Amino acid sequence: MEKVLENNTQWLQKLERYIQMNLRSELAQVQQHMVQNQTATMLELGTSLLNQTTAQTRKLTDVEVLNQTSRMEIQLLETSLSTNKLEKQLLLQGHELHRLQGRNKWAPASWHGAGDRAGGRGLLQRQQRQLLESVQRLVRVVAQGPASVRAAEQVFQDCAEIQRFGANASGVYTIHVANMTEPRKVFCDMEANGGGWTLIQRRENGSVNFQRNWRDYKQGFGDPAGEHWLGNEVMHQLTGRTAYSLRVELQDWEGNEAYAQYEHFQLGSEGQLYRLSLSGYSGSAGRQSSLVLQGTNFSTRDADNDNCLCKCAQMLSGGWWFDACGLSNLNGIYYPAHHHVRKLNGIRWHYFQGPSYSLRATRMMVRPVGV
């Protein structure tokens, strides 16, 4: 057993030298005290890579950008291939160590020295895996392009600021909303009607349950890359400081699309029951707005704030600005094809497809006025 563990130790030492040799250009002088101070090394590695990339992209002319991108793609491909090989080797080594640990489970106390050595090698293995994962994350950031790399270093209030900085690819980004303690992941649409839109809602396949309570709608839920509700508190903090517009996009089961746009959109505070304020309706989703423009409070199944003696959120499902149950509810139950008609508690927009037609897909997004 001791001999096997010694062989594995030598193998890991060789593997460590192999990693340093093959990733030297990407890892920017990984220090030899990686095991004792891995956290500091990883921070230095990430900072060095991003700083080098940023410095290079800022110096490039248009022609140089094209050439640099080609070289970068080749380097990324080589790094990816090396990383995949190392991952496979580490995985095989992990299985071997796991098997040896299983044998050693009931070993007598005299074997503890060998166990300690194996434990030390296990620590090295974990650190190497963390190193590879960090390299992969950095590779993904660089692969998104120079604008995305620079955007990763900045602090943005919304997607419009990210777009102004130069990022033009739709996808998930991080924003830091004023008065919010934690950064938020949001989906940015950089294409629709000029781009710069921050998505606050998306329905597309029924994968996320929208039958939630007040707290969930306040904090937000779901996946920004898929179905989600951004959160009433985030929307309030965004729209309370700057004038925002709202765009609602709708799609039915026959492939027809429509939109409703509002020049001004604002959400009150929680103390104001996240009261909705809209103005300046236009669009193809009906001759008039299916949302009450002023003074409608938000309601959920556990917080009845509508203007009806009934409880609209319980009767029609989801959380929404119901008024007296109203003409819309984009957070209703998701009904699949062939089950979407005559559904009063589905995803409704009255002036698009009527009061009981449940839609296939919806998106709601906001952008500062004037963008």
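In this predicted model, a disulfide links Cys159 and Cys188, with an S to S distance of 2.0 Å. The pair connects distant parts of the chain, 29 residues apart: Cys159 belongs to helix α7 (residues 159–165) and Cys188 to strand β2 (residues 184–189). In the whole structure, three disulfides are found.

**The disulfide of Cys159 and Cys188**

- The S-S bond of Cys159 and Cys188 has a torsion of about -75°, so this disulfide is left-handed.
- Cys159 has a relative accessible area of 0% and is therefore buried.
- Cys188 is also buried, because its relative accessibility is 0%.

**The disulfide of Cys308 and Cys310**

- Cys308 and Cys310 are joined by a disulfide in which the sulfur atoms lie 2.4 Å apart.
- The link of Cys308 and Cys310 is right-handed, with 115° about the S-S bond.
- Cys308 counts as partly exposed, because its relative accessibility is 25%.
- Cys310, at 24% relative accessibility, is likewise partly exposed.

**The disulfide of Cys312 and Cys325**

- Cys312 and Cys325 form a disulfide with an S to S distance of 2.1 Å.
- Cys312 is in helix α10 while Cys325 is in the loop between α10 and β10, so the bond ties together parts 13 residues apart in sequence.
- About the S-S bond of Cys312 and Cys325 the torsion is about -95°, so the disulfide is left-handed.
- Cys312 is buried at 0% relative accessibility, and Cys325 is buried at 10%.

**Pairing order**

- When the bonded cysteines of the chain are numbered in sequence order, they pair as 1-2, 3-4, 5-6.

**Phe322**

- Phe322 sits in the loop between α10 (312–316) and β10 (328–329).
- The relative accessible area of Phe322 is 0%, so this residue is buried.
- Beyond its neighbours within four places in sequence, Phe322 is in contact with Thr296, Asn297, Ser299, Asp306, Cys312, Ala313, Leu316, Ser317 and Asn329.
- One of these contacts, Cys312, is a member of the disulfide with Cys325.
- From Phe322 to Cys308 the C-alpha to C-alpha distance is 8.8 Å, and the two are 14 residues apart in sequence.

**Arg363**

- Arg363 is part of strand β12 (residues 361–368).
- Arg363 has 16% relative accessibility; buried means under 20%, so Arg363 counts as buried.
- The side chains of Arg363 and Asp189 make a polar contact of 2.7 Å.
- Asp189 is at the end of strand β2 (residues 184–189), the strand that also holds Cys188.
- Apart from neighbours within four places in sequence, Arg363 is in contact with Asp189, Ala192, Leu199, Gln201, Arg202, Arg247, Val248 and Glu249.

**Confidence of the model**

- The chain has a mean pLDDT of 77, and 59% of its residues reach 70 or more.
- Over residues 25–43 pLDDT stays under 50, and the model has 28 contacts beyond four places in sequence for this stretch.
- Over residues 100–118 pLDDT also stays under 50, and here the model has eleven contacts beyond four places in sequence.

Key
Residues numbered from 1 in each chain as written. Predicted model: local features only at pLDDT ≥ 70, side-chain atom pairs only at ≥ 80, totals over all residues. Heavy atoms only, no water. pLDDT = per-residue confidence, 0-100. Contact = heavy atoms within 4.5 Å. Helix = DSSP H or I, 4+ residues; strand = E, 2+ residues; numbered from the N terminus. Buried < 20%, exposed > 50% of the residue type's maximum accessible area, 1.4 Å probe, protein only. Polar contact = N/O pair within 3.5 Å; in protein donor to acceptor, adjacent residues only side chain to side chain. Disulfide = S-S within 2.5 Å.
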